[in-house]
Structure formats: C-alpha cells, structure tokens
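Colleague: Please take one part of this model and walk me through it closely. I would like the contacts spelled out.

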Amino acid sequence: MSKILIRGAKVLGGEPQDVLIEGSEIAAVGSGLSAEGAEVVEADGKVLLPGLVDLHTHLREPGREDSETVLTGTRAAASGGYTAVFAMANTFPVADTAGVVEQVYRLGQEHGYCDVQPIGAVTVGLEGKKLAELGAMHESAAGVTVFSDDGKCVDDAVIMRRALEYVKAFGGVVAQHAQEPRLTEGAQMNEGVVSAELGLGGWPAVAEESIIARDVLLAEHVGSRVHICHLSTAGSVEIVRWAKSRGIDVTAEVTPHHLLLTDELVRSYNPVYKVNPPLRTERDVMALREALADGTIDIVATDHAPHPHEDKDCEWAAAAMGMVGLETALSVVQQTMVETGLLDWAGVADRMSFKPAGIGRAQGHGRPVSAGEPANLTLVDTAYRGAVDPAGFASRSRNTPYEGRELPGRVTHTWLRGRATLVDGKLA
Amino acid sequence: MQRHLISAADLTRDDAVLILDTAEEMARVADRPIKKLPTLRGRTVVNLFFEDSTRTRISFEAAEKRLSADVINFTAKGSSVSKGESLKDTAQTLEAMGVDAVVIRHGASGAPYRLATSGWIDAAVINAGDGTHQHPTQALLDAFTMRRRLVGRDAGLGQDLAGKRITLVGDILHSRVARSNVDLLHTLGAEVTLVAPPTLVPVGVESWPCEVSYDLDSTLSKSDAVMLLRVQRERMNAAFFPTEREYSRRYGLDGDRMAKMPEHAIVMHPGPMVRGMEITAEVADSERCTAIEQVANGVSIRMAVLYLLLGGNEPAVTHTRTEEK
Ligand SMILES: [Zn+2]
C-alpha cells in the first residue's frame, strides 16, 4: 500500500503537523510521524485543507465540448484544489434523465481527477413546465441529490413548490437560480448608477430578492430544504438572514467573483465581466463578505462557466454570460476573506469543503483531516503572490476576469482518495 | 482632440467649443455655390450601419462628401451579419482595406467603444449611435443649434452655453440622445432638467448632472429650450405609460404649453417627430421649432468632427477663424 507523509503542514491553518496517508485514507495526524516507506512531501508551513467541494460547476459535457469537457473541467478542479464538483444540468442534452446524469458521473470516475456529482434538472429541458424524473435520477448510479434549472429560474411558484415537496422523499435539495424573468428581460448588467450611464439593460437586485423571498416562504410552508445559488445582493443577504432566524431550512452560496468585483468594471464594456447574476456594487460586495463570515451565506461556489474565446471577443450585448473560476477560487477567497481577517483557514475549510459537501450529501468529501478519513486533501502555499496567467489554465476556456491581476495563494498539491492529482502545481 | 468620438462625456469644454466653432466654418461652405472642401481628399471613411438610420447615415455621408473623402457604405442589416463576432470580423475586413475612419451605428450599447479599444482596428471611430448609450454628434448638433439661437451665430464663436436652461422631455430611459445631451450640455455650462413619467427615467439617474421632474408644466416657464425626445408607441404596450392620450396630456407639447415658455425659448426635436402624441402640428410648424435646422446643422457638425478627428489642426476654412485658443 502506498504511503505519503505530508510533513509540517498547518492543518486547517493550525500548528504544523505531519499527516500520513496510507492507500486511500489518512492513517495518522501528529508530530514527528515516521517517514519510513513513505514518499515525503515537505509542506513547509503550507496550509492543508480538506479537498475542496464545488456545489456549482458547469462542465459543458455533453454538448459544448468546445468550452469544456468532464476531463478538462476536472483537471481544472484538481488544479484549484477541488476533489469533488457538482456539475450543473444545463448541458445539451439537458441532464434531466438518469441516462445523462450517469454518463457525466461515469466520465468523472473514469478520468479520476475529481469526483463529479451531477446535478439533475428540476424540470424537463429546463423549461420550467414539467418536473423531470427526479426520483429516477436519484436512484441512478449517479445518486443525484441536488436539483437545479440553473441558468434559468424555476419561476412558476407551483412547480417550485412541487419540486421542493417531491425531493423530500429522498433528502434532495432544490438549488434555485433566483432571477425573476420578467424583471430581467433584456438585462445586461446590474441596474444602477453604472447601467444608467452605460445604457445597458438593468438586472435589478429585486429580481433576485423577490424570488429568494418567495422560495424561503415556500420551503417553510412545505417543510423542505432550499439552496440559493450565487446570491449577489445585500438585500438577498437580509432575506436569508431573516429566513434562518425563523428556522427555515435554507442554505446559500456566493461566488468568488461576487466577493471581489463590482459593476464599475463594466465601464470597460469588456465581456469578460459579463456574468449572471451580474457584478453588483461595492456595498453588495461588502455585505456578501460579512454574510459569508457570519454564516448567513453558507458556502463559496464557483459557478465556473467556461466559454470559448469567440463568445467573449465581441460586443457586450452579444457575449455569453459567465466566467471560469475553479482555478482561482481559493486565491480570491484568501484575498477577500482571509487577508481581510474575516475568516481563518478553518473557516475557509468550512465554507469551501465541509458545508458544500453537507448540502450536496457528497459521500467521503468534506470530512475532517483525521485518521480513518478518506485522504481527500489540498495543500496551499498561502505565501505565494503572482499575476493570474490564463495560458496556464487546465480549463479549456480562458474567460477569467483576473487575467494579469495579482492574487495570493497557490494550490500545490491535491489528493483524491490518497492519489495525487496535482503535484507541485502540476497535474499528475 | 482625441482619436475617437465615442461619448459626449469624453469631450472637454474646449474640445466641444472647438467643434462648434469649426462647424460654424463648415456651415459657411453650405452657402457656397460649390459645397465642397478638399480637406479629406484621399482619405477613406466607412459608414458602418448595423442598425437602420437613413437620416443619420445620409447626414454623415453628406459631410464626408463635402470634405472630399472616399465613402464606403456598409449596411449590415439583411446581410449575413447576425452573430456578435461579426462586428470584429467586419472591422478587420475594413481595416484590411485601409480605412481611415469608421462611423458606426450599432444596436448594442458599447459596440463603438469595443471597436475602438479592442485592438481590432486602427482607424478613428465615430459613434453614430449605440443602443441606449450615446449619440455624441446628435448632442453636438443640438448644442450648435442652441448656441446659434440662444447666443447668436457670430456672437456665439468661442462661447459655451453657460447658464442656459434646457429641458429634455420624453423617453429618457431608452434615449442615447438624452444621455449624450446631459453630458455635453453639462460640460458646456447649461442647466439641464429631464422631464418624463417615472417609468421612463433610468434607475441610477441621480448620479447624472441634471435635475429630474415628472411635471412638464412647472418647468416650461424656466426653459430656454425644450427638447422633445422620441417616444416609441411600443413603450405603451410594455406598460411604461397607460395610453397615448394620457402621455400627450401630461407630456406632449401643444400651443398652450408653448405659450408658457419665455418669448425667446425654442422647441427642439431630433426627429422624426410623432405628431399628435409628442408634439402638435401647431408647435412643430412654428417658428420656434428648430427640427429642420437641426438636420442642416447635423451636416456641419459631422464635417467638423471628421475634420478634427482626422488630423485637422489648421482652421478648416482659412479666412473665417478669428483666433485659436
Ligand atoms: Zn445560475
């Protein structure tokens, strides 16, 4: 059985310790562990985290393999320190049947860079009209627990209610892309001072907030679990805070880009900043950071949305919405949450591994770094500083808003069940 | 002057006054028997229109021809152009043909800015209207018309619009003319008031350098110029206002309302006018309405802009300029 000794790693940011991996499990955590028969990785005070879990990834396969595939997407995930990703259902065909989700799941297993947990569509074809076969997707080999029409909002209140009720039978959760469709017709960016000046169609905060308010009330009424995707406004934070205080079973995610970037960047008309929900204001960014720190927002999820160059190298209105995020997420969180003192590394482990695994019921992920647990681990050089160079991305797409921007931290190693997927910053 | 004209907000007061003064010189050319200057001989200007606008295109074309430029008209509508990437492709094709300036009209806000800043093309870019963003030459011709009427043709040279009170009425939300005018008129020292039903005022307008009112009647007596903006009938179906009748009752300009304006005040309209709803025939045909002059002034302004952007650093028409700033 293979043995790896990670020496002197700050486990969850604590005092340096040794971590011994045997086979697919963590065998021991302590100081001065014997290196006998083990390959030694000198951690030198780097931070060791449980393998990151992304509850919101777009892998594009099947259908848009020119943007990303399960292989390239999971290689990007491993590069970013992830050991499990949840793949959104808006593929072609849509992941609304057992067949499609099993295909995506199996590709993840075959490639072996990262566990891929498919998300099933809530409605057939993401059309918002008829429930997809939620039970069949759950019972398939993929074992789907998270359902989402992401990219589109389940805006029909009755369909949303039925979905929330139905998934209770197998402990599922509905992840809502909160966007009132009528209020966002023709929307191109956050509605406010900048959109008024640029003459771009506004995406008002209330279009997100009104759906979240409705859905937390529905979840309360039927006693179910709802998850809010990529929450982006200060007002949404207030609603989720209220819902939690009332005991409603709601969880919420924020993307790295909504923790860092604002709609002022849209003044460049550079579509690399075009994303849905749109970049908001400084005030929203600060509210999101605080909410992530105090637990109102449960997790960070990337909304990794790869697009080929030609879909972004055009005028704003014609460009696709979305940004890649798997390979920069941890750096952005380090800059916005850790270096601002809002969150320590244990907090990062909680928001990027423990909690997302819990919400998605990801088996074997988001576990403590202790003996007997699966060896899903990520080693981070937190002292690193460097400009983001998309040329080095493992993702097939390069639509990052951070090109040339200096971000802290770099994932050097990732282990999936004891097998290295990333070694010294290079894919294994 | 800068290399491109994308937004009225990019113009300094001195840039704007220089353009207005140069346009006065250009206007004199129109009074000559041969309405042509050799200034842009050998230069190629492309009118790249992704959106229909015969009026604007003809105005630019007349300006280009009066300056002796070689003119290429490219109308994208109805051609193979449908995907976004075509803007880049088209630009690069034109670049390969060695064009000196591109006059672009596009349905998407920001398209001219992208064209000017993405490295796709080296030519000067002139925004002839982009989405609901900007239409800077329209704002310049409006300012030119105001200066002629409110300050004076020759007395106006070197002058801005300091202290003039301008009211813009109509669909502010969807209007690139409104955005351009607010920027330019503010730069030129005028006080601007926007009047519209609240549904047609953008969220975020509070950061603009102007006042906003929902009541036309109370602003009329304090206006040196009232500019009516186009209100498209389909806005009614999208619930921006209840009925055409109600709109014109509250925001239309008729003879009674015009009578409340000061004696010297003018009525402006970028055209085409929707008679009956925005403006009554009585007002449209009155002496005080400058709609036709605005069209003529458009050619002079566009000549001035082309001349200055394409490197004109001498007075365009040698005998008329008084002194350089
Ligand atoms: Zn989404």
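Modeller: Contact here means heavy atoms within 4.5 Å. The model is a predicted one. Start with A:A28, which sits in strand β3 (residues 25-30) of chain A. Neighbours within four places in sequence are left aside; A:A28 then touches A:D18, A:V19, A:L20, A:L33 and A:A371. A:G372 lies 344 residues away along the chain, yet its C-alpha atom is 7.8 Å from that of A:A28.

Next, the helix pair. Helix α10 (residues 329-338) and helix α11 (residues 345-360), both of chain A, have axes that come within 11 Å. Those axes cross at roughly 130 degrees. The two helices, α10(A) and α11(A), are therefore oblique to each other. The crossing of α10(A) past α11(A) is right-handed. On the α10(A) side, the contact is made by A:A329, A:L330, A:V333, A:Q334 and A:V338. On the α11(A) side, A:W345, A:V348 and A:M352 take part. Seven of the residues in this contact are nonpolar, one is polar and none is charged.

Last, the zinc ion. Its protein donors are A:D150 (OD), A:H177 (ND1) and A:H230 (NE2), at 1.9 to 2.3 Å. The donor residues follow the spacing D-x26-H-x52-H in sequence. A:D150 and A:H177 link distant parts of the chain, 27 residues apart. A:D150 is in the loop between β9 (146-147) and α4 (157-166) of chain A. A:H177 is in the loop between β10 (173-176) and β11 (189-190) of chain A. Both A:D150 and A:H177 are buried.

Key: Residues numbered from 1 in each chain as written. Chains lettered and ligands numbered in written order. Predicted model: local features only at pLDDT ≥ 70, side-chain atom pairs only at ≥ 80, totals over all residues. Heavy atoms only, no water. Axes fitted to C-alpha atoms, helices over the stretch in contact; angles between N-to-C directions. Helix = DSSP H or I, 4+ residues; strand = E, 2+ residues; numbered from the N terminus. Parallel < 35°, antiparallel > 145°, perpendicular 65-115°, else oblique. Left-handed = near helix turned anticlockwise from the far one by under 90°. Nonpolar A, V, L, I, M, F, W, Y, C, P; charged D, E, K, R; others polar. Donors = N, O, S within 2.8 Å, 3.2 Å for Na, K, Ca; no water. Buried < 20%, exposed > 50% of the residue type's maximum accessible area, 1.4 Å probe, protein only.
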